[in-house]
Every structure is written in structure tokens, then in C-alpha cells.
Amino acid sequence: MKLTFWGAAQTVTGSLHLLEFGGHRILMDCGLYQGRRSEAAEFNQKFPVPPGSIDVVLLSHAHIDHSGLLPKLYREGFRGSVYATRATQDLCERMLADSAHIQEKDTAWVNRRERRKGKNEIQPLYGMEDAERVMETFHGVEYGEAFSPLPGLEVEYRDAGHILGSATMVLTVEEAGRIVKLGFTGDVGRADRPILRDPQPMADCDYLICESTYGGKTHEPRDRAKERLGEIVAATASRGGKVIIPAFAVGRTQEIVYRLEELSNEGKLPPVPVYVDSPLAVNVTDIFRAHPECYDEELREQMAKDPDPFGFARLTYIRDVAESKRLNTSRLPMVIISASGMCEAGRILHHLRNNIEDERNTVMMVGYCAEHTLGRRIVEKRPEVKIFGEPHRLRAQVEVMNSYSAHADEPELVEFVGHLDADRLKKIFLVHGDPVRQEPLGLALTAAGYVKPVAPKRGDSFEL
Ligand SMILES: [Zn+2]
């Protein structure tokens with residue numbers, strides 16, 4: 001049997017790994033590459049094997065860099081089966097539709113410009129119909145219950161504690177009387193976060209594909225994260241200002257809302273209204289409500305006292321554009337949570353444009369911001385930033401909190417892998433990380449008694 005790494009190879013995006021055995025083709029993840037436009041175009045336009053020849057896709061979680069090429073796979077002939085946890089399936093339904101909408105909107109924008117230059121129009125990667133049709137190939141599975149998508153293949157998903165529905169997987173593959181166990185971590189989450197369970201240890205395996213996003217890094221402690229959130233809201237409200245929080249629609253938004261509600265219940269939140277202004281976040285929060293099987297013990301206990309942990313009296317979810325615009329004209333203190341987290345698109349841009357020049361306001365950055373994004377420029381507290389192409393003075397206060405990360409740091413990754421039998425593991429493949437992160441993680445795993453990991457490049461194949 002042969003394993004080939006087609007994506008997230010020495011980079012953090014476009015997760016896509018191909019396993020071939022007994023005439024079958026299995027993909028682990030089918031992610032969109034997000035990054036520089038030229039590299040993204042090459043990756044996202046062309047699959048390494050004909051999509052019609054793929055039998056099964058095993059999906060680790062719903063994040064677009066793991067699932068975002070599924071509609072394209074369908075468009076080009078894939079008619080096999082996608083296996084995902086039920087929460088991942090529900091999230092994908094919303095997120096792939098949202099991604100298709102972005103593809104169509106971006107392409108229309110580019111084509112308007114190209115037409116003016118007399119150039120040829122481009123096609124979107126996929127459209128809404130592809131996103132809808134690929135959902136028909138999904139099969140929802142449960143954590144901890146082995147399933148067999150093909151003769152000779154058995155798979156078990158366990159909770160990865162990364163986002164709602166996220167899973168690690170172990171594949172038991174039988175070929176010509178030989179049995180091989182292959183593990184794939186997907187993205188590994190962190191212990192002691194609200195809402196989700198801690199990552200569950202994986203079963204022993206012969207080969208492991210392991211993420212490496214934060215190799216060599218240790219996250220700042222989370223102890224004071226909630227208190228600091230309350231203090232920032234209180235200080236801003238006392239100045240008569242607004243708190244603007246750019247946050248990703250999946251995970252981060254629900255976590256901030258959960259913490260604000262706790263602060264509110266404890267009487268530690270000033271009486272200001274809180275708005276979640278992102279149609280995707282609103283839909284995703286409904287999906288969180290629909291999947292209590294993914295909650296941790298803390299949230300279950302909390303729900304015995306408060307049946308809706310994602311809603312409280314002063315919190316309003318906004319879908320409507322007109323309602324979103326009304327927030328701009330209000331002069332009262334408030335908290336606005338809106339997407340996207342890196343401030344590259346979405347309604348957050350309007351809120352920043354309207355509020356960033358007022359020193360009474362606070363912009364609170366809670367997520368990772370890649371280079372060359374508006375979010376990164378705000379994190380760096382540049383005196384002037386461009387929004388919609390126009391320069392704006394950055395006079396609002398900027399608060400940066402890294403403690404809301406959804407990825408394990410290096411000590412947590414080493415501990416996670418540490419549950420596996422080192423004598424049995426023949427090879428560890430590091431994926432989903434830049435080389436500068438993979439190198440220290442490789443050393444740390446070797447020091448912990450594991451075989452020296454390899455970091456495959458795109459297109460590298462290994463016989464298992
Ligand atoms: Zn992820």
C-alpha cells in the first residue's frame with residue numbers, strides 16, 4: 001500500500017493525503033489551499049489523481065483548509081462516500097455553501113476587472129450547486145464506533161478536541177493477508193478549553209501522520225483570559241467606547257460568547273449589549289446547540305443551570321445587513337463580535353472602518369493573523385492601516401490575546417503522541433506545519449523516545 005502527501009506538506013494549509021491499496025483510493029481530508037494567490041491557484045485547480053477514481057474521503061474536521069475542495073472534487077467526477085462525524089457533516093453543509101458563495105463573489109469581482117481590460121473571464125472553483133450535491137455523499141459517524149467504508153478497511157474516529165466534531169482517525173488496512181494500522185491526527189486541540197472535550201488519546205498504530213502547526217511553541221497560560229476579557233470590556237465601556245472583536249465564525253466566536261455569558265452570570269460584565277454580527281457564525285452557533293454529544297463535562301453541568309449557554313439576555317445575533325448597519329450609527333458602548341478573524345473579508349471591515357479612529361474604542365485580537373493581512377497590521381499597532389483601500393488612523397486601543405488558540409502547542413503535541421507505543425511506531429510523518437515548526441517538534445519527539453519523524457514534501461510517496 002502507498003501513502004502520498006499532496007497537501008499540508010511543509011505548510012499549514014490544503015490538507016490532502018492519498019492512501020492506495022488493493023485497487024482503492026482513499027483521501028484523508030480534501031482541503032482548500034489558502035495563501036498567496038498564485039500558489040493557491042495551482043494547488044486548487046488540479047487534483048493529483050482523477051476525482052472519479054477516489055472511493056472514499058475520510059474527513060477529520062470541517063475547517064475549510066481540510067474540507068474546502070470537496071465541492072470541486074464532486075464537480076470533477078467524485079461519486080464515492082465522505083465519512084465525517086455528524087457535527088462535522090452539519091458544519092460542512094453551512095461552511096461549504098459559504099465557501100461557494102465567496103468563490104462566486106470573488107470570481108465575479110475579478111471578472112468585472114478582467115472584462116474592462118479585455119481579458120478572458122475565469123470560472124469559480126465551484127458553485128453553490130456543487131457544495132449542495134457533495135453533501136449527498138456524506139455519511140455521519142459516531143466517535144469511538146468503528147466503521148468499514150470498503151472491504152479491507154476499518155476506521156475509528158476519536159475526539160480531537162480542536163473544533164466541534166473534530167476527529168483523529170486510525171485506519172486498519174488489510175492487504176494480501178497483511179494488516180497495517182495508520183493513524184492521522186487531523187488538527188489536535190487542547191485540554192481544559194470550554195465547550196469541547198479534551199483530545200482523546202489515539203489507539204496504537206504502525207504509522208502516524210501528525211500535525212505540527214505549533215512545533216517549538218508554548219502558548220501563554222489561559223488562567224486570566226476570562227478575567228482580562230471582562231476588564232477590557234469594563235474599561236472600554238467606562239470610556240463610552242465599543243469593543244470590536246474580529247473572530248472566526250467557527251469555534252472562537254462561540255468560545256468568546258460562552259466566556260462573556262459566564263462573566264455576565266457572575267456579575268462581572270458591565271451592562272452593555274453584545275452583538276454577534278456574522279451570518280455564518282449565527283448558523284454555526286445553531287449547529288453547536290444541536291450537538292450536545294460533543295460537549296465536555298463542564299458545559300453539561302453549566303447547562304443543568306442554564307439551558308442555553310450560547311445566548312443571554314444582553315446578547316443579540318444579527319443576520320440582517322440593515323440591522324448590522326444600524327450598529328454603525330449607535331454611539332452607545334457595546335461589544336461587537338464579527339468575522340473574519342484576520343480582518344480580510346466580511347462585516348468586520350465595516351465595523352473597523354467606523355470605529356478604528358476613535359480612541360475610546362478597543363479592537364481585541366483573539367486569533368492567529370497571517371502576514372500581509374489587515375489583522376496582522378492591527379496586531380502590530382501600525383499608526384495607519386488601509387481598509388477598503390482607504391487609509392485610516394489606528395487610534396483605538398489594541399488588545400492582543402493568544403490564549404484562545406484551538407491548536408495544541410509543542411508540549412501538548414508531544415504529550416498527545418506520548419500515549420502511543422513507541423516500539424510499534426515505524427514512522428511518523430509531520431504535516432500541517434512550516435519547516436521551522438517541524439524541525440523542533442521532530443527533535444522533541446525523538447527526545448521522547450520516538451523514531452525520528454520525516455516531513456514529506458508535496459508529492460512524496462511512501463510504501464507502508
Ligand atoms: Zn483546523
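Student: What makes the arrangement around the zinc ion irregular?
Tutor: The four donor atoms subtend angles of 92 to 167°, which makes the arrangement irregular. Four donors count as tetrahedral if all angles lie between 85 and 135 degrees; four count as square planar and six as octahedral if opposite donors are over 155 degrees apart and all others between 65 and 115; anything else is irregular. This is a predicted model: local features need pLDDT of at least 70, side-chain atom pairs count only at pLDDT 80 or more, and totals for chains, interfaces and linings use all residues. Residues are numbered from 1 along each chain as its sequence is written, and side-chain values use heavy atoms, with hydrogens and water left out.

Student: Which residues coordinate the zinc ion?
Tutor: His61 (NE2), His63 (ND1), His162 (NE2) and Asp187 (OD), at 2.2 to 2.3 Å. Donors are N, O and S atoms within 2.8 Å of the metal (3.2 Å for Na, K and Ca); water is not among the atoms, so sites may look incomplete.

Student: What spacing do the donors follow along the chain?
Tutor: H-x1-H-x98-H-x24-D. His61 and Asp187 link distant parts of the chain, 126 residues apart. His61 sits in the loop between strand E4 (56-58) and helix H2 (64-67). Asp187 sits in the loop between strand E10 (178-184) and strand E11 (207-211). Helices (H or I, at least four residues) and strands (E, at least two) are DSSP runs, numbered from the N terminus.

Student: Are His61 and Asp187 buried or exposed?
Tutor: Both are buried. Buried means under 20% relative accessible area, exposed over 50%, partly exposed in between (1.4 Å probe, protein chains only).

Student: New topic. How many residues are in the largest nonpolar core?
Tutor: It has 74 residues, and Leu70, Leu260 and Ile337 have the most contacts inside it. A nonpolar core is a set of buried Ala, Val, Leu, Ile, Met, Phe, Trp, Tyr and Cys residues joined through side-chain atoms within 4.5 Å. Helix H4 (residues 86-116) gives the largest share of this core, six residues. Domain 1 (2-217 + 406-463) and domain 2 (225-400) both give residues to this core, so it lies between them. Those bounds come from an automatic or database domain assignment.

Student: And what is Leu70 in contact with?
Tutor: Leaving aside neighbours within four places in sequence, Leu70 is in contact with residues including Cys30, Val57 and Phe138. Contact means heavy atoms within 4.5 Å.

Student: Last one: where does Asn283 lie?
Tutor: In helix H8 (residues 279-290). At 15% relative accessibility, Asn283 counts as buried.
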